Amino acid sequence: MPAGIDDIAVYIPKLYVDATDFASQRGLDPAKLQKGLGVSQMAMVDTNQDPACLAANVCLKIIQKNNLKPADIGRLYVSTESSIDESKAMNSYVIGMLEQVYGSGVFEHCGGVETKFACVSGSYALYDNANWIRAGEADGKYAIVVVSDIAKYDMGSSGELTQGAGAVAMLLNDCPRLLEFDPRVASTSIKDEYDFYRPTGKSTPIVHGQYSNLLYLIQVRNALEIYKRKAQETGLIEIGQGETVLDHIDYMCMHLPYSNMGKKAFAYLLRHEWRSLPRWKSVVDAVGMEEPIPNNIGTIETILEDRAFMEKDHHFNKRLVETKEFKKEYNAKLASSLRASTMVGNIYTASLYLSFRSALEFEHNRGTDLAGKRFGFCSYGSGSSAMIFSGVICPQYREVVEPMNITAEIGERRRLTFEEYEIIHENKRLPNNPMLDTSKEFVLVDVNTSPDSQGQRRYVYNE
Ligand code: CAA
């Protein structure tokens with residue numbers, strides 16, 4: 001039985017910090033954010049929003065858009081790394097909020113859990129729910145996978161440049177209008193690592209930035225090796241002489257902690273795929289220098305410590321992305337997927353799916369006929385695991401993609417002053433004192449502090 005994504009919705013909070021304001025306050029060149037990282041605006045939550053609110057709002061959006069009734073939905077998963085409770089799952093809060101609109105108990109039949117593995121858990125949730133559908137367990141019902149996160153780093157840290165907030169909901173079924181998953185090729189790589197993690201009780205992560213960048217690249221490449229083997233073994237892709245598996249994937253969507261990380265990762269994969277092919281000679285000629293080799297391949301630490309190699313390698317990459325060979329691939333397969341991320345920033349679990357949403361809209365706007373095109377998804381979660389899977393755009397996709405307009409979907413936004421940003425970041429304003437008035441949205445009313453009910457959250461749907 002086929003399984004795939006029937007529809008996709010995005011919810012982005014309406015406050016943002018502009019990269020230029022941020023840079024001027026932090027004494028940085030704005031070009032470091034805009035050009036170096038690919039961050040123009042970072043979405044911020046209001047004082048009365050938490051990751052469960054974002055999840056409920058995007059869930060309501062996709063339900064209403066598709067005129068679904070609660071009885072049509074068999075599973076509701078929420079994937080996040082911004083968990084608000086050590087035990088109670090985020091989807092239970094979402095069910096509670098949705099029942100304020102649809103009636104008490106109407107989702108009782110529905111199953112689901114919160115999943116966690118940094119930014120990759122949404123991809124595991126998609127995979128599990130696709131298999132629930134493939135196994136014939138869905139009984140004609142939809143699964144909804146929501147990915148929702150608030151990326152918040154310590155003030156003054158290098159991670160502070162890559163914040164953001166938002167949620168994406170994906171509606172899955174056995175006759176999708178948008179994308180059908182390729183069967184038996186989802187590929188994973190996993191390793192116990194401390195590149196980025198958030199110990200229990202801490203509201204911001206501990207980050208080893210450059211280590212996390214390199215680990216992301218390595219893990220995604222490991223997963224691609226497995227994908228390549230599976231794609232050939234299952235007969236999905238036949239890789240001819242002089243070809244790479246990437247020649248058979250029309251579009252790539254990458255996890256985007258910041259938009260330029262997608263470009264970096266794509267270049268890394270191409271470089272490793274092209275190295276053994278005849279075309280590599282002309283690429284190296286165009287780069288104008290030999291590809292550097294590390295003195296000691298050992299560990300990520302030894303590679304990072306090998307400063308001379310890292311510098312040469314950085315230089316090589318900078319030149320590689322300027323070659324016509326790279327630019328052709330980049331413009332054809334990746335560029336459209338990076339656009340929405342520059343407006344929103346990092347949304348952890350949701351970043352990969354915002355990139356998919358972005359590619360659909362901007363490729364369609366370019367006049368591309370997407371029917372039958374294969375999308376590859378490169379998911380990465382710190383800690384660490386990567387997952388690669390793929391799918392093909394369905395013939396009826398236009399019905400879903402034609403109305404897409406990310407600017408309209410985000411809605412009117414308010415640019416925060418730097419002072420307001422700091423107040424929100426440091427939780428100096430309470431949920432009862434939001435920056436914005438909202439309507440037709442769920443908001444957080446308060447969090448109980450009494451010993452018997454500590455941590456209980458009240459939400460309301462603002463008509
Ligand atoms: N003009 C133009 N570009 C500039 C510039 C300027 N004035 N100044 C710097 N740049 C460029 C740099 O050259 C660099 O680009 P290249 O790597 O392509 O050369 C880019 O801007 C960033 O500069 P730095 O590497 O010096 O930045 P940094 O070390 O201060 O911070 C970071 C970058 C490590 C990503 C940091 O923001 C961070 O720690 N972020 C959080 C962790 C993260 O996002 N890791 C990504 C992988 S892990 C993951 O993906 C999971 C997740 O979601 C967190």
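This is a predicted model: local features need pLDDT of at least 70, side-chain atom pairs count only at pLDDT 80 or more; totals for chains, interfaces and linings use all residues.
Figure 1. Helix α6 gives the most, with five residues. The shell has 27 residues, and K32, S158, S212, K264 and H314 come nearest to the ligand. Sorted by class, eleven are nonpolar, twelve are polar and four are charged.

Figure 2. In T162, an N or O atom of the side chain lies 3.3 Å from a nitrogen atom of the ligand. For K318, a side-chain N or O atom is 3.0 Å from an oxygen atom of the ligand. For N346, the distance from a side-chain N or O atom to a ligand oxygen atom is 3.2 Å. On its own, the ligand has 1000 Å² of accessible area, and the protein covers 78% of this area.

Figure 3. Helix α2 spans residues 30-37. At its start, a side-chain oxygen of D29 comes to within 2.9 Å of the backbone nitrogen of A31. After the helix comes G38. The phi of G38 is positive, near 80 degrees.

**Figure 4. Helix α12 is largely enclosed by the rest of the structure.** The helix covers residues 335-344. Eight of its ten residues are buried, so the rest of the structure largely encloses it. The buried residues are A335, S336, S337, L338, A340, S341, M343 and V344. Just after the helix, G345 takes a positive phi of about 90 degrees.

Figure 5. A polar atom of the S351 side chain lies 3.3 Å from the backbone oxygen of L256. Leaving aside residues up to four places away in sequence, S351 touches H255, L256 and N346. N346 also has a side-chain N or O atom 3.2 Å from an oxygen atom of the ligand.

**Figure 6. Aromatic rings pair up in the model.** The count of aromatic pairs comes to 21. In one of them, the rings of Y153 and Y348 have their centres 6.4 Å apart. Their planes stand at 75 degrees, so this pair is edge-to-face. Y153 lies in the loop between β6 (142-151) and β7 (164-173), and Y348 lies in the loop between α12 and α13, so the pair ties together parts that are 195 residues apart in sequence. Both Y153 and Y348 are buried.

**Figure 7. W280 and F316 form a tilted pair.** The ring centres of W280 and F316 are 6.1 Å apart. Their planes meet at 50 degrees, so the pair is tilted. W280 belongs to helix α8 (residues 279-287) and F316 to helix α10, so the pair ties together parts that are 36 residues apart in sequence. W280 is buried, and F316 is buried too.

**Figure 8. Seven residues join in an aromatic cluster.** The members are F181, Y251, Y353, F356, F375, F377 and F389. Ring pairs link them together.

Terms used
Residues are numbered from 1 along each chain as its sequence is written. Side-chain values use heavy atoms; hydrogens and water are left out. Buried means under 20% relative accessible area, exposed over 50%, partly exposed in between (1.4 Å probe, protein chains only). Helices (H or I, at least four residues) and strands (E, at least two) are DSSP runs, numbered from the N terminus. A polar contact is a pair of N or O atoms within 3.5 Å; within protein, one must be able to donate a hydrogen and the other to accept it, and residues adjacent in sequence count only if both atoms are side-chain atoms. Contact means heavy atoms within 4.5 Å. A residue is near a molecule or strand if one of its heavy atoms lies within 4 Å of it. Accessible areas come from the Shrake-Rupley method with a 1.4 Å probe; for residues, only the protein chains shown count as cover. Ala, Val, Leu, Ile, Met, Phe, Trp, Tyr, Cys and Pro count as nonpolar, Asp, Glu, Lys and Arg as charged, and the others, Gly among them, as polar. Rings of Phe, Tyr and Trp (its six-membered ring) pair if their centres lie within 6.5 Å; planes under 30 degrees apart count as stacked, over 60 as edge-to-face and the rest as tilted.
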